[in-house]
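Here's a quick look at how a few pieces of this fold pack against each other. Have the structure open as you read.

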Amino acid sequence: MSSGSDSDRRGPIALASRSRRSFLHLLGLGGAASLAGCSAPQGTGPSDGADYVDGTSTGAQTLNFLSVDDVPSSNRIQLTLDGAYAVTPDQEIFPLWADISTDDGRVYTVELRDNLRWGGDYGSMTAEDWVYMITEVFQAEPNWAGYPNPGDWRRGGEPIPVEKTGARSFEIRLPEPDPAFPLRPIMWGAYCMPKELIQRYRPDGDQEGLAQDEAVQTLAYAGNLGPYTFERWDRGSAFVATRNDDYYLREADDVPDEWQNAPYFDSYTHRVVPEESTRLSALRSGELTATEIPESRVEQFEGLEDVDVKVFPQAFMTSLIYNQRANGSFYEAFRKPAVRRALAYAVDKKRIVEDVLRGYATVAHTFQPTFSKWYSDERVRELGVGDAYSHERARELLRANLGSTPYRYEGDRVVDGDGEPVSLDLVFAQGSQAVETTAELVAQEYDAVGIDVELSAKQYGAIVEQHLYNSWQGEGDPPWNAGPYNGGPRDRSLSSRPWDMLLGITFNTYPRTPSSIRGFVVRRGGTNFYGYYPETDFASLFETASTTVDESERRAALSEIFGALSVEQPFNFLNMGVEIVGFDADVRGPEEVFGYTWDRNTWRLDGA
């Protein structure tokens, strides 16, 4: 699901000075261009009086990173906290607070810079802070701090061993090799708090106390750890941070020159402007430095001298999701891959991309974007385009495969066991005209093959609470529980409200580490809220894709995974979206590549 910002970071500057063998070689990524050779922009200091104002539709929920699972909150926190390291668009590590290295893809050494200072009286950041954070918060049972991704720090249900090896170094000992570990959102972009701060609340498991601590609420512990310093947070209207003159990277000698003078704005503001037309007017008038532009409004801005429109590839995929749990009215049919393939023939994906999204997307056929280095079209089956878009063919396939279900054709309509016309409930996330129009198009396409569709618009939060979350409804304890999105077997773990299809919930395809999609497509996956039970043995394929250091073997396993998913159609893969942003024409720095925000601390205004 759409989870938020793409916290990217690192480069080979530190690789050359290491005695350890770079994990890049294990990934087959050696030989990439050195960031040290990049020429720095003109200018040696910050812009005089320049302020960056980002326009957004929603405000932050919290500044406690331990509770963050939304993009707006994350965007604000990362102004004051850089995180461990970044990943560049070339999939290279760029050290921020820390560097990471390995000899074998199993044991990883993390080394902190020696000039990292907490705010207040907490002193320097140390390896002890990190080990305590990982073991007593990220891996804690019960999850007393409410950390949203505790599974990241476990393997096979067991905590990953972490050991301090020096004042500023620690080791992460994986139970088996994982050459892509540094590219996973685990240590990449990870934050930390001072051990002394956490210790106040750990003994009693006082989640509320930690969340209400003034240092947490105002990010006062951030010290010199980010480019900006918290100034104020006016809930629902603005978050303002000012240039941090003590920013640690100004003392670094292993980064390009532009980082040593970063950031280049006196302040950075996230301004909440709920009304889309008001945001766009503010961008046009120069009140905003940047804001997202919907597909339908791009043409109005492309010819303006004062606005620069940029289109960025994204990792998030839009799909038509089928409920295969027992509280859907059509679940017996949705559980059959042949039926799901038949339904894929019924929806014109190119029409959605070209007419609804104005060409600002690409057609998807499997759980990976075509720009991913791991994508291979040799095995991927394309449905919903060309000859594979056909209402007649969809009807033929449905007639041939509904036989073992309670449903059948009666005339030109699909009916249930009582002879009543089938009517499916399509729940979609309101607030986006593109999503609503896509939902209407799907309803028309299904009608053309004899299936009625009723549309239900709901707020995103309501969809999560009522349809994504599911819990065990059977007797006793469930055989297994993979979390709030998969509380157990699909016949007894059900959402609070019934549903048949969902639209407007996007999935991260993890193009850097595609084995991370495992949780979406295995029976006990933590994100499998729709109750998909694969026929392919994905577990063993993901094991190979995750642990082998042989790139050709990894590529073969991933190719088989993507091919099988395109055939089994756990949901109808519709399109890969893009992010369209309008910038003040004088902004320099953003490049139209995947992961473009990784170096935004070096962005500036022209002439600065």
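On the H11 side, Ala 338, Val 339, Ala 342, Leu 343 and Tyr 345 touch Arg 393, Ala 394, Leu 397, Leu 398 and Asn 401 of H13 (contact means heavy atoms within 4.5 Å). By class, that contact has 8 nonpolar, 1 polar and 1 charged residues. This is a predicted model, where local features need pLDDT of at least 70 and side-chain atom pairs count only at pLDDT 80 or more, while totals for chains, interfaces and linings use all residues. Residues are numbered from 1 along each chain as its sequence is written, and side-chain values use heavy atoms, with hydrogens and water left out.

Here are the two helix pairs (axes are lines fitted to C-alpha atoms over the stretch in contact, with angles from 0 to 180 degrees between N-to-C directions).

| Pair | Angle | Axis distance |
|---|---|---|
| H11 (residues 337–345) and H13 (residues 391–401) | about 165 degrees | 8 Å |
| H17 (residues 538–547) and H18 (residues 551–568) | roughly 150 degrees | within 8 Å |

The H17 and H18 crossing is left-handed, and their contact has 9 nonpolar, 1 polar and 3 charged residues. Among the residues meeting there are Phe 538 and Phe 542 of H17 and Ile 561 and Leu 565 of H18.

Now for the strands. S18 (residues 423–429) and S19 (residues 452–458) run parallel, joined by 7 bridges (strands pair if DSSP finds at least two bridges between them). Leu 426 has Leu 455 in S19 as its bridge partner. With helix H14 (residues 433–448), S18 and S19 make a right-handed β-α-β unit.

Methods: Helices (H or I, at least four residues) and strands (E, at least two) are DSSP runs, numbered from the N terminus. Ala, Val, Leu, Ile, Met, Phe, Trp, Tyr, Cys and Pro count as nonpolar, Asp, Glu, Lys and Arg as charged, and the others, Gly among them, as polar. A crossover is right-handed if, with the strands pointing away from the viewer, the path from the first strand over the helix to the second runs clockwise. A crossing is left-handed if the near helix is turned anticlockwise from the far one by less than a right angle, and right-handed if clockwise.
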